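Reader: I have the model open. Can you walk me through a helix and the pockets?

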Amino acid sequence: MTVRAVLRRVVVGVLETNCWILHAQGDRRALIVDPGDEPGRVLDAVADLDVVAVLLTHAHFDHVLAVPEVVEALGVPVLAHPADQPVWPNEVATARRTGHWDAGTATADLLARDPARLAFPGDLRLWDGVTVPVLDGETLHVGPLPVRALHTPGHTPGGLTLAVDSHLLTGDTLFPGGPGLTGPPLSDFTVVIRSVRRLLAFPGATRVHPGHGPDTTVATELPHLDEWIARGW
């Protein structure tokens, strides 16, 4: 019997991060992917489920800020690729130095409009960075639902994509219109393109669920790969 995946989306935080909740149809056991902020809303969204773990596609601030409260409330581990270990310490160090989170190309606009939205409060409860390692090709079992982890670096060194049923949860590796942001110190355009090529080899009908914004499909994005490479972002 085919096990079907059910996805719930909770959009949270200043960068409108997609926090995904994944479980098998007819089964309460669930995985939370990227609880980026607003822990109360994340917890409300899983109130009828039995969460087995939190998984991070990567450790940028907008994907992890709710981790401490969610993990404490549910008593579950945090799963991530070990190559992403440097990312969260770098995020925190940068925020402490500048007084605000680094939102990439959106930073200047957000600071100009409302600096408080990116402010780094001194009393903020921070995630301790402790994770259980998940490696490329590893299959996670969320109840009866097999979920394959793919190491898709480039946006960060330890980026993960989850392949489940006919879905890809791509974090910030692949969006409608191109790959995620790359630039120093911990990302690389050539590497992210290699990861994107891997994802675009999935069947065309595969739905792509990114870390921000709307969904897309492999067939929609594949024809534009050469354009992305030519423009360099």
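Author: Helix α3 (residues 67-74) lies across β3, β4 (50-55) and β5 (78-80), and runs at about 150° to β4. Axes are lines fitted to C-alpha atoms, for helices over the stretch in contact (heavy atoms within 4.5 Å), and angles run from 0 to 180 degrees between N-to-C directions. Helices (H or I, at least four residues) and strands (E, at least two) are DSSP runs, numbered from the N terminus.

Reader: What kind of model is it?

Author: This is a predicted model, where local features need pLDDT of at least 70, side-chain atom pairs count only at pLDDT 80 or more, and totals for chains, interfaces and linings use all residues. Residues are numbered from 1 along each chain as its sequence is written, and side-chain values use heavy atoms, with hydrogens and water left out.

Reader: Which residues in α3 are buried?

Author: Val67, Pro68 and Val70; buried means under 20% relative accessible area with a 1.4 Å probe, protein chains only. Their cover includes β3, α1 (39-45), β4, α2 (61-64) and β5.

Reader: And what follows α3?

Author: Gly75, with a positive phi near 65°.

Reader: Switching to the sheet. What is the strand order?

Author: The order is β1-β2-β3-β4-β5-β6, an open sheet with mixed pairing. Two strands pair if DSSP finds at least two bridges between them. The edge strands, β1 (5-12) and β6 (132-133), each pair on one side only.

Reader: How do β2 and β3 run?

Author: Antiparallel, joined by four bridges. Trp20 stands opposite Val33 in β3.

Reader: Which element gives the largest share of the lining of the largest pocket?

Author: α4, with four residues.

Note on methods:
Buried < 20%, exposed > 50% of the residue type's maximum accessible area, 1.4 Å probe, protein only.
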